[in-house]
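Trainee: I would like to learn how to read a contact between two chains, and then a single residue inside one of them. Could we work through an example together?

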Number of protein chains: 6
Amino acid sequence: MKLIEMNQEEGRTLKDRNLTALLPLGAVEVHANHLPIGTDLYLAQALTDKLEEKLGKENTLLLPALPYGQVWSLREAPGTINISNDVLSGMIVQIGKSLEKAGIKRMAIVNTHVGNGDAMKMAARMLYDTCDIKVFLFTYPGAEEVIPNVCESPMPHKGYFHACEIETSYMLYLCPEWVDQSKAICQYPDFPENFDYTPTPWTDFMDTAVLGDAVSATREKGEAIIEHVVNRMCEILEKEAIT
Amino acid sequence: MKLIEMNQEEGRTLKDRNLTALLPLGAVEVHANHLPIGTDLYLAQALTDKLEEKLGKENTLLLPALPYGQVWSLREAPGTINISNDVLSGMIVQIGKSLEKAGIKRMAIVNTHVGNGDAMKMAARMLYDTCDIKVFLFTYPGAEEVIPNVCESPMPHKGYFHACEIETSYMLYLCPEWVDQSKAICQYPDFPENFDYTPTPWTDFMDTAVLGDAVSATREKGEAIIEHVVNRMCEILEKEAIT
Amino acid sequence: MKLIEMNQEEGRTLKDRNLTALLPLGAVEVHANHLPIGTDLYLAQALTDKLEEKLGKENTLLLPALPYGQVWSLREAPGTINISNDVLSGMIVQIGKSLEKAGIKRMAIVNTHVGNGDAMKMAARMLYDTCDIKVFLFTYPGAEEVIPNVCESPMPHKGYFHACEIETSYMLYLCPEWVDQSKAICQYPDFPENFDYTPTPWTDFMDTAVLGDAVSATREKGEAIIEHVVNRMCEILEKEAIT
Amino acid sequence: MKLIEMNQEEGRTLKDRNLTALLPLGAVEVHANHLPIGTDLYLAQALTDKLEEKLGKENTLLLPALPYGQVWSLREAPGTINISNDVLSGMIVQIGKSLEKAGIKRMAIVNTHVGNGDAMKMAARMLYDTCDIKVFLFTYPGAEEVIPNVCESPMPHKGYFHACEIETSYMLYLCPEWVDQSKAICQYPDFPENFDYTPTPWTDFMDTAVLGDAVSATREKGEAIIEHVVNRMCEILEKEAIT
Amino acid sequence: MKLIEMNQEEGRTLKDRNLTALLPLGAVEVHANHLPIGTDLYLAQALTDKLEEKLGKENTLLLPALPYGQVWSLREAPGTINISNDVLSGMIVQIGKSLEKAGIKRMAIVNTHVGNGDAMKMAARMLYDTCDIKVFLFTYPGAEEVIPNVCESPMPHKGYFHACEIETSYMLYLCPEWVDQSKAICQYPDFPENFDYTPTPWTDFMDTAVLGDAVSATREKGEAIIEHVVNRMCEILEKEAIT
Amino acid sequence: MKLIEMNQEEGRTLKDRNLTALLPLGAVEVHANHLPIGTDLYLAQALTDKLEEKLGKENTLLLPALPYGQVWSLREAPGTINISNDVLSGMIVQIGKSLEKAGIKRMAIVNTHVGNGDAMKMAARMLYDTCDIKVFLFTYPGAEEVIPNVCESPMPHKGYFHACEIETSYMLYLCPEWVDQSKAICQYPDFPENFDYTPTPWTDFMDTAVLGDAVSATREKGEAIIEHVVNRMCEILEKEAIT
């Protein structure tokens with residue numbers, strides 16, 4: 001069920017349905033020229049739709065996506081919107097508290113943007129401490145188990161993926177209408193020596209925001225990873241829902 | 001143009017296009033049984049779409065809607081999500097600052113929920129003081145000029161409208177697929193004596209959140225008011241865009 | 001009773017007297033040349049004195065006036081003092097909490113400056129959520145019912161009045177010693193086109209802060225409105241005090 | 001000159017007059033039964049009036065008193081109002097910034113309540129760091145030089161005076177109409193052993209808030225100390241005004 | 001016992017031992033050329049060691065020193081580290097709360113830097129209000145009783161001592177290895193006229209941070225004062241521990 | 001050079017020496033029974049000492065260790081001290097700003113506790129945005145390259161190590177005097193199913209805080225990893241120092 005489609009009467013029944021609330025969380029951030037600025041938002045919504053379908057609409061409460069995320073690394077690139085950790089986690093906490101008032105016991109944040117991680121963690125801990133809703137934080141859980149098997153190009157950085165073979169494959173599978181693969185490029189930027197150890201905006205070392213080989217992306221690769229991720233999220237939530 | 005559909009290259013051109021950014025701002029709040037919990041969000045998006053069309057896509061930058069708003073009065077009703085003024089205005093301010101970095105000079109907030117007013121004003125003043133983007137705050141501007149001519153039922157309260165003839169008419173015009181007019185009711189609640197002078201949750205005096213006669217709503221009434229509102233927003237923004 | 005005139009013994013009896021605390025709230029803001037910078041403060045004190053008298057000193061606890069208010073619109077005019085919403089509402093909240101400790105159950109804020117409205121609302125909601133004192137927010141309640149009958153000059157703006165026929169009449173009735181009617185002017189400023197929709201300091205469009213026709217002000221007009229306002233405040237508070 | 005008595009025209013001349021702004025700062029705090037709860041406020045106002053007279057009205061800008069102060073130690077006594085350091089210093093800072101906008105270069109805070117000291121210091125340092133107004137903090141400067149000569153009763157505590165020979169003498173000199181000397185008592189409370197080293201509300205060890213011998217207070221003692229304090233404040237400010 | 005030397009098992013026994021936690025609190029601040037920048041930290045540690053020894057290791061829980069303090073007055077001198085009151089008191093509060101979780105009932109802050117006073121007081125009051133641990137604030141308690149008897153040089157200021165006869169004597173007694181008495185100077189700076197009444201960085205009026213006669217410092221003077229201070233702290237804490 | 005050992009004169013020369021400031025950052029957190037509660041602090045200090053030696057004392061400015069860190073996961077275990085991200089990052093930021101005032105251009109945080117990561121990142125970004133000091137964040141950089149080669153026992157969790165073969169080996173190499181290897185245990189706790197996806201205090205699933213096989217730790221393993229880490233930190237900082 002979609003929260004925004006329900007009426008007031010249905011709202012009153014929320015507490016009796018053992019639902020898991022699903023909050024898609026994206027970002028508005030440049031993703032090179034073959035992917036749109038809304039890539040993370042499109043992915044968060046599509047991935048949550050898959051999860052909702054798999055868990056069953058009768059078991060879930062789909063929330064409106066939070067489109068804006070924390071984007072420090074590319075905040076200088078025109079078109080990016082950057083929200084601070086404080087404001088972002090504040091919003092998540094307040095969503096969680098309102099859901100708890102309605103009797104919801106579980107909320108899963110389906111996030112597609114690594115930069116949101118700290119704010120999500122802060123919010124989840126705050127909710128842990130102050131109210132009775134259990135929060136699950138998902139940023140493609142299980143993807144790391146499939147990626148080595150399906151992806152062909154090396155990742156230029158161990159911790160980040162961006163507009164690359166992986167993310168472009170996600171888009172080709174989940175939102176192909178928003179991909180212009182003709183503009184995909186392969187780019188292995190020269191990371192500054194100490195990139196991993198000191199704050200470094202990505203705009204300092206690349207004009208087009210691609211970390212790796214977007215050209216080698218395929219729908220099939222995206223499908224393999226995403227389906228695994230969806231299954232993993234399902235498993236986790238179903239175990240919880242039984243208890 | 002929609003910001004989330006643009007690519008990085010197009011992002012770089014934002015500063016040269018004399019665009020007005022449009023931010024739809026809604027709320028997640030129970031609206032009786034004939035209207036969905038997402039009423040304000042649906043309206044914000046549909047109204048902004050009308051405005052975008054009228055101003056011309058080449059003159060506007062459509063932002064993703066902010067779905068969550070400040071809903072103190074109905075925060076106890078299950079299904080409502082309530083965001084504090086601080087967090088909401090913080091998010092608007094940070095969106096504005098990121099747009100200014102991209103060279104955008106004007107942002108209009110197309111709001112459909114009266115409860116967002118204080119946070120919007122706080123954010124607009126903060127942006128006035130700290131950066132070079134002009135913010136317009138719209139909550140159905142000009143509606144008050146048309147409502148007395150087209151609406152038939154009296155308003156139970158001078159300052160608020162909610163799930164009533166007016167708002168239901170908006171929905172019948174802009175998002176008829178989300179209205180179940182068979183469940184519309186006419187309700188003139190007994191406001192507590194001092195409702196206007198002391199904080200009073202609406203759930204204290206009505207079970208179903210309707211302020212007036214939703215039955216008398218029609219698509220035509222909605223059209224008359226909304227079209228006037230859209231024209232008014234256009235006028236305001238076009239004057240600005242010329243200077 | 002005035003709080004500041006009581007001694008410690010009397011302080012201990014506060015909890016047994018079913019008193020309504022009265023907090024005059026003004027502002028320090030330029031009011032043209034015929035009215036003093038302290039206009040709102042003088043009015044708040046005089047209006048509260050009338051209210052105290054009408055309710056009976058034995059039923060009220062008069063607090064010292066808070067002289068400083070939120071004055072965004074005229075903050076650039078030398079002589080104006082501008083307090084932020086956060087600090088102003090913080091002070092009101094802490095006054096309310098201390099009163100609650102003393103056993104006071106009702107506090108009415110008698111405010112004469114429209115710009116204080118948001119901070120007052122924030123404070124009243126915070127007190128609603130965190131302690132057991134009922135807060136009443138008064139900014140000339142009922143004035144709008146009398147003004148159309150007694151005032152002759154049109155208002156240049158639907159939402160604001162300032163140093164005009166209305167406010168000058170208030171002063172002529174309540175504090176005539178502070179009015180120099182020989183300097184009163186009639187001024188209908190050219191509001192910027194989008195004044196209602198975007199933050200606009202008043203100093204941008206008028207040198208002398210008058211919104212309308214101060215010349216037509218009279219003591220009698222002030223008396224008619226103010227007496228109605230006082231009666232209205234009394235009614236509201238007396239109903240509460242009985243319950 | 002009193003700020004609140006000036007008009008807008010006069011406000012514009014503030015920047016040219018080399019004025020010292022005077023801010024009386026008191027507190028609302030129980031002071032036993034012979035002195036009123038408003039003692040600190042009455043004293044702050046009367047002391048500032050003396051200072052204004054001595055400095056010359058043409059050299060000063062008298063501000064409305066801030067009645068509410070930080071009163072941790074007696075916050076449990078009914079009738080006391082306790083404001084946090086944050087809110088109190090925030091208000092002082094914002095008053096200072098508005099004055100600086102008007103061209104005022106010096107502000108003296110005439111404080112009569114020791115508990116306001118930390119907030120005053122925080123505010124003065126903040127103003128030092130962020131704007132061009134010089135702040136003077138006065139809590140009876142020089143009193144310690146005269147007290148040993150004129151007071152007869154020992155002080156029960158080295159750091160605090162309250163409703164005692166000293167403060168009652170101040171009141172007998174400055175505001176005799178608010179003293180009921182027939183209720184004055186002599187009280188040397190048993191301070192808890194570690195009073196000076198751990199937070200200890202005064203209400204833990206005395207029912208009536210008197211620290212010493214209020215009976216021995218006289219108008220003459222008050223005059224001797226207060227006149228010295230006024231002279232001292234004058235000296236300090238006149239030296240500054242010349243440079 | 002030192003907290004950091006204990007293991008997890010021992011941690012579980014903390015609640016049963018009736019221990020007083022000791023928190024050394026220093027500062028990193030220039031202290032002329034004969035004393036090191038870490039003077040306050042060295043003193044805080046050495047003083048706490050003495051206290052621990054006197055109280056008995058079995059009665060105390062020694063915490064790691066907090067090295068960084070609030071140093072407004074000398075913050076411009078290179079080498080000084082300045083922490084704000086908010087952050088410093090926040091850290092103390094959180095240490096206190098964690099100790100309370102472990103069952104500790106008393107914490108003494110052994111502070112050697114006057115500038116930390118406000119933050120300590122804020123923290124102690126916050127802990128008083130929010131949890132069940134009793135906090136003792138020590139900044140050389142009792143020193144004022146011995147200093148007049150043992151020190152020979154006048155103090156240039158009634159409220160401050162810094163790198164002078166007193167503090168240098170403390171160092172000669174507690175940490176002689178960090179004193180280079182050959183560089184000690186005697187300096188009576190010309191305090192600005194209004195030093196006591198308006199924020200004044202010490203770097204405005206002296207190049208070398210010495211307030212008085214460091215040359216006359218001796219180990220014996222330090223011993224006399226410090227031993228008295230240690231006894232005084234012991235007395236206070238032992239009284240508490242019995243109750 | 002150690003900052004706290006320098007005098008004021010030496011402080012003035014800081015700006016001319018092209019120094020890298022080194023800030024050891026630990027935590028106070030239970031580490032089972034074979035390691036002390038101060039493990040992270042001992043390690044931070046010893047590791048920084050090695051780094052200082054390798055870089056050369058003439059090239060570094062050693063700061064006092066910050067002993068207290070963010071310890072959410074084991075905050076319930078008696079003996080642990082837990083500092084919030086806000087306070088911890090605030091302290092780091094203010095240390096950085098003071099160093100910048102002294103002319104220091106680089107600061108490396110030598111951290112040994114994974115839980116400090118978010119606060120460190122927040123602080124480094126804040127310093128990046130507001131002042132001219134370059135911050136390096138080190139939490140055993142390069143360790144992941146050596147661990148697979150020298151460690152024999154599997155890690156029970158991919159992201160955390162705690163009081164295990166790795167950390168115990170670090171202690172055996174760097175601070176053997178604080179290890180009681182006779183109490184070392186091998187423990188592979190049953191992580192709750194969804195440990196990685198929802199906030200879960202470690203005290204929920206293990207009584208003794210060991211993640212893996214502490215028994216297999218050796219001094220040699222510690223040496224191999226730590227020496228590599230020290231070299232890596234050197235490399236990074238030396239590259240920076242040249243530019």
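Mentor: Let us start with the contact between chain F and chain E, where contact means heavy atoms within 4.5 Å; 51 residues from chain F and 51 residues from chain E take part. This is a predicted model, in which local features need pLDDT of at least 70 and side-chain atom pairs count only at pLDDT 80 or more, while totals for chains, interfaces and linings use all residues. Residues are numbered from 1 along each chain as its sequence is written, chains are lettered from A and ligands numbered from 1 in the order in which they are written, and side-chain values use heavy atoms, with hydrogens and water left out.

Trainee: How much area do chain F and chain E bury between them?

Mentor: The size of an interface is often given as the accessible area lost when the parts come together. Here chain F and chain E bury about 4,200 Å² (accessible area lost on being put together, 1.4 Å probe, summed over both), and 60% of it is on carbon and sulfur atoms. On the side of chain F, the residues F:Ile4, F:Gln8 and F:Tyr68 supply 16% of the area buried against chain E, more than any other three residues.

Trainee: How many salt bridges does the rule find across this interface?

Mentor: A salt bridge is a side-chain nitrogen of Lys or Arg within 4 Å of a carboxyl oxygen of Asp or Glu, and the rule finds two between chain F and chain E. The side chains of E:Lys101 and F:Glu76 form a salt bridge, with N to O at 2.6 Å.

Trainee: Which element of chain F gives the most to the side that touches chain E?

Mentor: Helices here are DSSP runs of H or I with at least four residues, and strands are runs of E with at least two, numbered from the N terminus. Helix 3 of chain F gives the most to that side, with eight residues. By class, the side of chain F that touches chain E has 30 nonpolar, 13 polar and eight charged residues.

Trainee: Turning to one residue, is F:Gln187 buried or exposed?

Mentor: Buried means under 20% relative accessible area, exposed over 50%, and partly exposed in between (1.4 Å probe, protein chains only). F:Gln187, in strand 5 (residues 186-187) of chain F, counts as buried because its relative accessibility is 19%. A polar atom of its side chain lies 2.7 Å from the backbone oxygen of F:Thr208, and one lies 2.8 Å from the backbone oxygen of F:Val210.

Definitions and conventions: Buried area is the accessible area (1.4 Å probe) that two parts lose on being put together, summed over both. Ala, Val, Leu, Ile, Met, Phe, Trp, Tyr, Cys and Pro count as nonpolar, Asp, Glu, Lys and Arg as charged, and the others, Gly among them, as polar. A polar contact is a pair of N or O atoms within 3.5 Å; within protein, one must be able to donate a hydrogen and the other to accept it, and residues adjacent in sequence count only if both atoms are side-chain atoms.
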